[in-house]
Amino acid sequence: MFDSLTGKLQNVFKNLRGLGKISEDNISESLREVRMALLDADVNFKVVKDFLDKVKTKALGQEVIQSVHPGQQIIKVIHEELVALLGSSNAELELKQSPASLMMVGLHGSGKTTSSGKLARWLQKQNRRPLLVGADVYRPAAMDQIEKIGQQLNIPVFIKKGETDVLEIARLAQAQARALNCDVIIFDTAGRLQIDEPLVQELVRLRDLVKPEEILLVVDAATGQEAVNVATHFDQALSITGAILTKLDGDARGGAALSLRAVTNKPIKFGGVGEKLDDFEPFHPERMASRILGMGDVVSLVERAAEAVSEEDARKLEEKMRKGQFNLEDFLEQLRQIKKLGSLESIVSMLPGGGEMLKGTDLSRQEKDFAHMEAMVCAMTLEERRQPGILNASRRKRIAKGSGVSVAELNSMLNRFNQMQQMMKKLSKFQKAFGRMGGLPPGLMR
Ligand SMILES: Nc1nc2c(ncn2[C@@H]2O[C@H](COP(=O)(O)OP(=O)(O)O)[C@@H](O)[C@H]2O)c(=O)[nH]1
Ligand SMILES: [Mg+2]
């Protein structure tokens, strides 16, 4: 996400960090580089100018100049201003009526249908009862697409093939929502390659009929500042209540994300981070700013982990590690949990400096390693997983054959597992020693 921008800003920070004394002269070069980085990321030029004016005023202010590490302070100022630019805090959905209506609007291909599904799933997790409505009457395939998404999620979908009047669909959908006792209706509307008057008129009529509490503009993060024109246009016509920024997992330059809020003054409420229906998160300006500046986003990572792994499982696992009872079955479980967190690349990129770390490395090899390990453990019997000690030559041969690897590869995996087990035992002893001294907080060794 925004790799190129992050890389450039980190370079600027390297120079800033060392500065002992701040003057207009010695920061002007750094600020110029920040400006270039933002413009290269296709951020709207006016947004860039306002941003830098604010940063400069603060950077030359008393608070920074008199601080012990002025260079660090400037980095902090840039972070703060970036958070403000992205909207300060997470903007929640306003869905008070029951059923509440929500319209998804945006250009063709921006991700409306996918995001409708993702949002429905997210709402379902918040104990809401969503109804998805296929209100894109121009493409029959769109109806099939949303129907399939609904089936996948086990969420009801209303479609009426052959019906070309969106208002009729809306009325029938509202009746359906009441019949099914749904409390949120999500209207997935039609898009165009470019915004045009007939489309806008249709959306306006739909809005006037269903009176949605939320009208979310779906924007592809890869569109850059062109997104700003689209957003302005939609906002003038419909008065949107917020935006969903999709495809943040791609190599977007960042222009749309950084310009959208400042230009429309409407909050970005969610972000799409992948093609899967779970790849969706509330948009947190603070976390996004940290990611853009290469400071990582540990908070979101921990949240993802908490969703994938229950506290109970984590506790049990820790106990096993502590007692040296961690076996291959647990190992398999671990491998699967890591997979649930997302790709290795997405995990590492959320760690501070992770983007830097990833430069030039290809994690797909490690991912393949993981897949091989999983295959090897899967080819073992339960007994073998619990007591790897019984793995003699003939058993090893069978397992290697069953998982499509050589015996040497299997041996190497088992050796590594052994080392890991030893390490865990040592670590837990270490932790116990510290525990007696009242030192290290529990859980730190996890
Ligand atoms: N990688 C990625 N792909 C996405 C994301 N959101 C949507 N897509 C893809 O973008 C394409 C267009 O999405 P769709 O929902 O059909 O767009 P619509 O025309 O606005 O309804 C599809 O291939 C989606 O899988 C996202 O957050 N990340
Ligand atoms: Mg669609």
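## Sheet, helix packing and ligand contacts in a predicted model

In strand 8, Glu281 is the bridge partner of Gly271. This is a predicted model, in which local features need pLDDT of at least 70 and side-chain atom pairs count only at pLDDT 80 or more, while totals for chains, interfaces and linings use all residues. Residues are numbered from 1 along each chain as its sequence is written, chains are lettered from A and ligands numbered from 1 in the order in which they are written, and side-chain values use heavy atoms, with hydrogens and water left out.

Strand 7 (residues 268-272) and strand 8 run antiparallel and are joined by three bridges; helices (H or I, at least four residues) and strands (E, at least two) are DSSP runs numbered from the N terminus, and two strands pair if DSSP finds at least two bridges between them. Helix 11 (residues 255-264) packs on the sheet, where it touches strand 5 (214-220), strand 6 (242-246) and strand 7, and its direction makes about 175° with that of strand 6. Contact here means heavy atoms within 4.5 Å, and axes are lines fitted to C-alpha atoms, for helices over the stretch in contact, with angles running from 0 to 180 degrees between N-to-C directions.

The open sheet has eight strands in the order 3-2-4-1-5-6-7-8, with mixed pairing. Because strand 3 (157-158) and strand 8 (280-282) stand at the edges with a single partner strand each, one side of each is left without a neighbour in the sheet.

Elsewhere, helix 15 (residues 328-340) packs against helix 18 (residues 364-378) at an angle of about 145°, with their axes 10 Å apart. The residues that meet include Leu328 and Phe331 in helix 15 and Phe370 and Met373 in helix 18.

Ligand 1 is surrounded by 16 residues, of which the closest are Gly109, Lys112, Thr113, Thr114 and Asp249, a residue being near if one of its heavy atoms lies within 4 Å.

| Residue | Distance to an oxygen atom of ligand 1 |
|---|---|
| Ser110 | 3.3 Å |
| Lys247 | 3.0 Å |
| Gly272 | 3.3 Å |

Two loops hold backbone features. Ser98 and Pro99 are joined by a cis peptide bond with omega about 0°, and Pro99 lies in the loop between helix 5 (70-86) and strand 1 (100-105). Asp42, although not a glycine, has a positive phi of about 65°, and Asp42 lies in the loop between helix 2 (24-40) and helix 3 (45-59).

Key
Polar contact = N/O pair within 3.5 Å; in protein donor to acceptor, adjacent residues only side chain to side chain.
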